[in-house]
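Student: I should like to go through the reasoning behind several structural descriptions. May we take them one at a time?

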There are 2 protein chains.
Amino acid sequence: MTIDTARMVQMANAIRALSMDAVQAANSGHPGMPMGMADAATVLWSEYLRHDPKAPDWADRDRFVLSAGHGSMLIYSLLHLAGYEQPKIEDIRNFRQIGSPCAGHPENFLLPGVECTTGPLGQGLAMAVGMAIAERHLNSAFGNALVDHKTWVIAGDGCLMEGINHEAIGIAGHLKLGRMNVLWDDNNITIDGSTDLSTSEDIKARYEATGWHVTTCNGHDFDDIRRALDEAQADERPSLIACKTVIGKGAPTKQGTSATHGAPLGDEEIAAAREVLGWDAKAFEIPEQVYADWRAKNADHAKARDEWQDRLNASGQRKEFERRMAGDLPESFSLDNYIQKLMAEPQKVATRKASEMALAQINGKLTETIGGSADLTGSNNTKAGGIGPLTADDYSGRYIYYGIREFGMAAAMNGMALHGGVIPYGGTFLVFTDYCRAAIRLSALQQTRAIYVMTHDSIGLGEDGPTHQPIEHVQSLRMIPNLLVMRPADVVETAECWEIALREKDRPTVLALTRQGLPQLRNAPDETDMCSKGAYRLKKSSNAHKVTLVASGSEVHVALECAERLEKEGIGASVVSIVCTQLFDEQSADYRADMIPANTLRVSVEAGTTFGWERYTGTDGLNIGIDRFGASAPAGDLFKKFGLTADDIVPQIMNKLNG
Amino acid sequence: MTIDTARMVQMANAIRALSMDAVQAANSGHPGMPMGMADAATVLWSEYLRHDPKAPDWADRDRFVLSAGHGSMLIYSLLHLAGYEQPKIEDIRNFRQIGSPCAGHPENFLLPGVECTTGPLGQGLAMAVGMAIAERHLNSAFGNALVDHKTWVIAGDGCLMEGINHEAIGIAGHLKLGRMNVLWDDNNITIDGSTDLSTSEDIKARYEATGWHVTTCNGHDFDDIRRALDEAQADERPSLIACKTVIGKGAPTKQGTSATHGAPLGDEEIAAAREVLGWDAKAFEIPEQVYADWRAKNADHAKARDEWQDRLNASGQRKEFERRMAGDLPESFSLDNYIQKLMAEPQKVATRKASEMALAQINGKLTETIGGSADLTGSNNTKAGGIGPLTADDYSGRYIYYGIREFGMAAAMNGMALHGGVIPYGGTFLVFTDYCRAAIRLSALQQTRAIYVMTHDSIGLGEDGPTHQPIEHVQSLRMIPNLLVMRPADVVETAECWEIALREKDRPTVLALTRQGLPQLRNAPDETDMCSKGAYRLKKSSNAHKVTLVASGSEVHVALECAERLEKEGIGASVVSIVCTQLFDEQSADYRADMIPANTLRVSVEAGTTFGWERYTGTDGLNIGIDRFGASAPAGDLFKKFGLTADDIVPQIMNKLNG
């Protein structure tokens with residue numbers, strides 16, 4: 001059944017009407033992009049997209065990412081018109097109002113069918129790369145009958161101008177993700193005006209240079225759009241489809257200008273647009289024929305999904321496939337035996353090495369982990385457990401050489417986690433969280449299980465100097481809502497942290513790991529699962545309790561030495577390993593007060609900024625840390641230089657006690 | 001005078017010997033890159049570079065940036081061999097040891113001749129773009145006789161793979177920065193191994209697509225290097241020179257592999273390399289002939305600088321030129337009159353608008369400011385005072401349309417500030433500091449005067465929702481050493497903050513500014529210069545002092561309303577505007593204790609994370625803020641939703657007082 005051009009025009013105009021009316025009602029938003037891309041989106045969604053509006057979580061659906069998230073009314077219109085349960089027309093009427101699932105930018109946690117949160121430019125496309133990787137990887141595991149879908153992206157000039165675009169398309173081109181197709185809203189307009197103001201780039205040539213197939217179409221000509229999409233689907237490389245469009249298409253006096261980009265059109269212009277478009281329905285009313293045309297293929301969609309379900313049921317892989325897609329770990333999964341072995345044979349290793357040891361266990365027990373590093377494999381110790389590279393020739397591999405692309409890696413990890421069926425982890429130096437911080441934030445906002453293996457976590461890295469030494473990083477990451485930051489102090493804590501991170505289905509984790517070796521702290525077989533409350537008492541006070549030392553990671557060992565010396569002086573001192581402040585903050589007030597009693601001198605020790613530690617020590621405590629940039633020298637020299645030794649700290653504690 | 005090839009080889013081998021010996025002595029570092037690029041660097045430095053080793057701060061010197069900063073032994077070798085006062089051979093012998101100016105990565109604040117701090121990949125090249133912009137801009141102001149130099153970069157595969165490379169070369173290509181030339185160490189090796197592991201990109205085609213001239217040379221053939229450099233200099237576009245090199249060239253068994261990248265070669269390999277290279281001098285000894293050849297042109301260099309100095313003296317522009325290059329503001333510069341006008345006519349404006357008003361004054365009084373925005377000109381209010389665009393056709397303009405390139409913008413600002421003669425400022429949304437945080441950190445580390453105009457600083461931006469609403473950003477930026485974060489509360493504070501930022505020659509500033517309008521707080525003509533201590537008492541307690549409210553920016557107004565209501569209940573409450581925590585922390589203990597007395601209930605109010613506020617309120621205070629992601633709705637609704645109104649806060653204060 002085909003729908004003739006006149007009716008296709010009205011299907012597209014429904015997007016235009018909803019978009020301009022919703023933005024006007026909210027007196028806020030971006031009408032230009034949805035109006036400009038309405039025609040291309042209509043062809044894509046009504047003729048190409050594999051989905052079932054009645055089952056937005058169907059595992060084998062095509063993934064659609066609106067990378068230009070400010071044009072959120074486009075996806076809200078599409079979901080509504082295509083017959084998804086949400087958004088209702090009232091939700092669209094309440095666009096950008098409190099409680100509406102139609103938020104300013106599309107949020108994956110508010111609306112089924114929104115695959116990811118977009119708005120921070122460039123990241124949508126980069127997450128789509130991760131989705132396309134996950135698709136091919138799962139295809140290699142479960143076969144064409146169960147996993148055989150595409151990843152579609154609509155992106156704007158901003159997405160292509162951002163640096164992350166270079167990283168993302170570099171990964172996609174290298175991995176030959178041919179089932180990924182990007183529709184570029186090529187309208188020559190950004191917020192500041194014409195793209196000529198800021199760029200002279202031949203975007204198509206750049207994409208070709210990066211291993212992409214490129215084609216162009218008139219974004220307002222249905223047949224030409226179809227021709228381009230067919231071409232893109234046929235090519236084995238990822239495709240960029242440059243859709244030449246007029247921004248705000250349909251707004252008679254403003255179309256083609258930045259005036260339509262990020263502001264309501266105004267009642268007068270909207271009325272005139274209705275004339276031009278031949279759209280006489282009232283605001284937020286959609287003619288029945290338009291709904292019917294939009295939903296004409298929904299029975300076919302449901303049938304395709306039914307057939308897929310039959311294949312799944314018949315496959316013998318249903319249980320495992322559903323487990324993977326649900327994100328559940330196998331019931332048998334546990335690191336207990338491994339941890340018991342550690343208890344029996346204590347060892348001194350860097351926590352990055354401890355992470356590698358844990359990963360050797362994890363990657364052996366789980367099939368769903370996909371590791372990688374931004375060109376620091378040997379330093380991050382991320383390749384473990386015998387996993388091989390995931391390449392264009394072999395998508396079944398479970399290790400990605402991301403190249404020197406921290407931001408692209410982090411966004412791809414988000415995309416993989418959002419796609420489901422895999423658990424991504426990836427590494428770089430902790431200081432370079434600054435390069436991918438915007439993606440880590442989106443991990444947290446989107447509630448994805450991305451696990452960041454961030455090594456070289458302090459001045460303990462030594463000679464590389466201040467550009468490579470985290471100072472503010474651990475604390476500043478702890479501030480991001482819904483993100484777990486774990487800084488384990490030995491091989492056992494590292495294993496416990498890994499297990500916690502894997503079991504957190506809706507929270508990302510940053511593991512901050514040392515370059516330098518750390519002795520094992522615990523070896524009692526029954527002293528396990530200590531990290532899950534975020535902090536625990538590693539050493540009780542022997543004398544009357546006067547001092548509580550709170551430390552994380554490598555500084556736990558410094559704190560223990562301080563405590564030992566204090567005890568020798570008859571001063572009771574306990575040591576608390578605060579491996580994850582977020583988990584600790586979630587414990588009961590009693591537990592927290594018991595761990596860090598207010599009637600003791602509370603001392604924090606961490607080789608980073610002291611800012612924020614007053615939360616645990618009060619303003620009458622002592623905060624030992626580093627409030628300047630680091631320096632280049634061997635690690636031992638630096639710990640001395642910055643006063644992070646028992647020799648330096650104990651006298652300060654004594655002064656404070658006597659003061 | 002020309003030096004024959006055999007002696008050129010030894011000049012290059014001197015770099016190789018110093019590099020492998022220094023890395024071996026430190027047992028840490030990266031010998032591969034200096035050894036691979038030794039030949040190209042020798043040609044560049046001995047035949048092309050315009051500089052005077054006796055005057056590393058000569059204003060009209062060529063700028064040389066080692067973007068691949070891990071190869072730091074290359075620049076240390078070059079500076080030493082070329083006859084700079086530093087580094088001495090002892091400094092090189094102490095490579096990566098405490099106190100040596102030869103740090104792990106090159107630091108601009110340790111060693112004259114190091115133009116910028118590099119190591120975080122991609123940023124060196126991106127800063128060079130800013131240097132090249134500053135050069136052309138100053139050329140337009142002072143003419144060819146005074147400003148006529150080039151910008152040279154040595155970059156590795158990592159620099160080109162990073163996302164920021166796309167942004168940086170996009171700016172350079174668009175602005176046709178033809179005097180910028182990048183030598184790419186094209187050795188096909190990264191830390192993880194062959195570049196084939198992670199990339200399939202045609203880099204040369206990508207650069208050509210972005211408006212660059214591209215040429216290739218054999219990086220070990222002096223004549224071919226000269227041919228390529230000549231070609232690059234002749235072309236009016238910025239140039240990429242792909243130097244085909246062998247990483248670790250000269251190390252007989254390891255060259256051409258990633259084994260030479262980031263680890264010492266070992267004594268045996270070094271001995272073998274000496275054989276291969278025909279280098280029989282001992283470690284850290286350089287034959288006199290090699291020194292003589294390296295310094296053969298130094299008399300010519302000194303003469304060129306003398307002639308330039310004569311031109312400067314004769315130009316009638318000396319005083320102004322020297323003032324600009326010294327970074328001093330004109331003695332007459334002041335915003336006093338403007339602030340007095342504000343006092344006479346109080347007004348309610350958003351602080352982003354207040355910033356625009358201040359800039360209208362500043363850009364009129366100063367000639368050295370260069371503004372810009374990452375495609376948010378109308379939202380950041382950064383174009384003010386009648387300044388016109390800086391374009392490829394007119395470098396005299398003082399406003400840069402950076403495009404959607406936050407990271408590239410921030411790095412270019414660093415480059416401009418490091419070049420000297422200009423004061424860069426640039427804007428985006430505060431939440432997108434995450435996109436350029438790595439460059440903001442380098443502003444602070446490098447002690448540059450870059451001024452970040454970061455608007456839409458809280459949930460007060462309203463409908464755009466959580467992706468656009470800063471939560472952790474203000475606090476997390478406050479943790480970066482040597483960075484001033486200012487969050488003014490009205491039009492007067494905004495002007496004061498701008499003046500402070502401009503007068504801070506060695507510190508960058510982030511201005512966090514509102515989207516929404518804020519009433520003016522002060523109008524007494526003598527109540528000026530209140531922001532310089534970082535915090536000041538805006539309202540004294542009328543009744544007996546019980547409560548101290550500490551707030552910044554838009555929440556100062558909420559705090560004032562709380563205080564008013566408390567006073568009505570007979571509870572004395574003061575309000576402190578903490579506009580810059582860093583400046584406040586630098587004040588005397590007495591001043592700080594007077595502002596926020598510990599014997600009062602201390603209450604912080606800021607529309608962001610509460611993490612860290614205990615520093616000012618103690619753990620027995622009250623921290624009002626937002627410890628989750630924001631939401632999409634009109635701003636007023638959000639302040640209610642998140643409890644940031646007097647209605648919500650006052651009862652909590654009463655409870656606490658009565659509790």
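The dialogue below sets computed values against the definitions behind the terms used, for a model that is predicted.

Student: Which residues of H15(A) and H20(A) meet?

Tutor: From H15(A) the residues are Thr351(A), Ala354(A), Ser355(A), Met357(A), Ala358(A), Leu359(A) and Ile362(A); from H20(A) they are Val491(A), Thr494(A), Ala495(A), Trp498(A) and Leu502(A). By class, the contact of H15(A) with H20(A) holds nine nonpolar, three polar and no charged residues.

Student: What makes the term oblique apply to H1(B) and H4(B)?

Tutor: The axes of H1(B) and helix H4 (residues 72–82) of chain B cross at roughly 125° and come within 9 Å. The perpendicular class ends at 115 degrees and the antiparallel class begins over 145. H1(B) and H4(B) are therefore oblique to each other. H1(B) passes H4(B) in a right-handed crossing. On the side of H1(B), the contact is made by Met11(B), Ala14(B), Ile15(B), Leu18(B), Ser19(B), Ala22(B) and Val23(B), and on the side of H4(B) by Met73(B), Leu74(B), Ser77(B), Leu78(B), His80(B) and Leu81(B). The contact of H1(B) with H4(B) divides into ten nonpolar, three polar and no charged residues.

Student: How do you know that the length of H1(B) agrees with its number of residues?

Tutor: Helix H1 (residues 5–26) of chain B has 22 residues, which at 1.5 Å a residue should span 32 Å; the end C-alpha atoms are 32 Å apart, and so the two values agree. Asn27(B), which follows H1(B), has a positive phi near 55°.

Student: What span does H21(A) reach, and what is expected?

Tutor: Helix H21 (residues 555–568) of chain A, with 14 residues, reaches 20 Å from its first C-alpha to its last, close to the 20 Å expected at 1.5 Å a residue. Gly570(A) follows H21(A) and has a positive phi, near 85°. The buried residues of H21(A) are Glu555(A), Val556(A), His557(A), Val558(A), Ala559(A), Cys562(A), Ala563(A), Leu566(A) and Glu567(A).

Student: Why is Ile649(A) called buried?

Tutor: Buried means under 20% relative accessible area. Ile649(A) has 0% relative accessibility and therefore counts as buried. Ile649(A) is placed in helix H26 (residues 646–658) of chain A. Leaving aside neighbours within four places in sequence, Ile649(A) is in contact with Val558(A), Cys562(A), Val605(A), Ile624(A), Gly643(A) and Leu644(A). Of these, Val558(A) and Cys562(A) are among the buried residues of H21(A).

Student: Does Gly421(A) count as buried or exposed, and why?

Tutor: Gly421(A) counts as buried, because its relative accessibility is 4%, against a cut-off of 20%. Gly421(A) lies in the loop between helix H17 (406–419) and strand S11 (423–429) of chain A. Not counting residues up to four places away in sequence, Gly421(A) touches Leu138(A), Arg324(A), Met325(A) and Glu368(A). Gly421(A) and Ala59(A) are 362 residues apart in sequence and 9.1 Å apart in space, C-alpha to C-alpha.

Student: What makes the phi of Asn27(A) worth a remark?

Tutor: Most residues other than glycine have a negative phi. Asn27(A) is not a glycine, although its phi is positive, about 55°. This residue, Asn27(A), lies in the loop between helix H1 (5–26) and helix H2 (32–48) of chain A. Exposed means over 50% relative accessible area, and Asn27(A), at 57%, therefore counts as exposed.

Student: Is His456(B) buried or exposed, and how do you know?

Tutor: His456(B) is buried, because its relative accessible area is 5%. His456(B) also has a positive phi, about 60°, although it is not a glycine. Its place is in the loop between strand S12 (451–455) and helix H20 (473–478) of chain B.

Student: What is the peptide bond from Gln86(B) to Pro87(B), cis or trans?

Tutor: The bond from Gln86(B) to Pro87(B) is cis, with omega near -5°. In chain A, a cis peptide bond joins Gln86(A) and Pro87(A), with omega about -5°. Most peptide bonds are trans. Pro87(A) lies in the loop between helix H3 (72–82) and helix H4 (89–93) of chain A.

How values were computed: Residues are numbered from 1 along each chain as its sequence is written. Chains are lettered from A and ligands numbered from 1 in the order in which they are written. This is a predicted model: local features need pLDDT of at least 70, side-chain atom pairs count only at pLDDT 80 or more; totals for chains, interfaces and linings use all residues. Side-chain values use heavy atoms; hydrogens and water are left out. Contact means heavy atoms within 4.5 Å. Helices (H or I, at least four residues) and strands (E, at least two) are DSSP runs, numbered from the N terminus. Ala, Val, Leu, Ile, Met, Phe, Trp, Tyr, Cys and Pro count as nonpolar, Asp, Glu, Lys and Arg as charged, and the others, Gly among them, as polar. The expected span of a helix is 1.5 Å times one less than its number of residues. Buried means under 20% relative accessible area, exposed over 50%, partly exposed in between (1.4 Å probe, protein chains only). Axes are lines fitted to C-alpha atoms, for helices over the stretch in contact, and angles run from 0 to 180 degrees between N-to-C directions. Angles under 35 degrees count as roughly parallel, over 145 as roughly antiparallel, 65 to 115 as roughly perpendicular and the rest as oblique. A crossing is left-handed if the near helix is turned anticlockwise from the far one by less than a right angle, and right-handed if clockwise.
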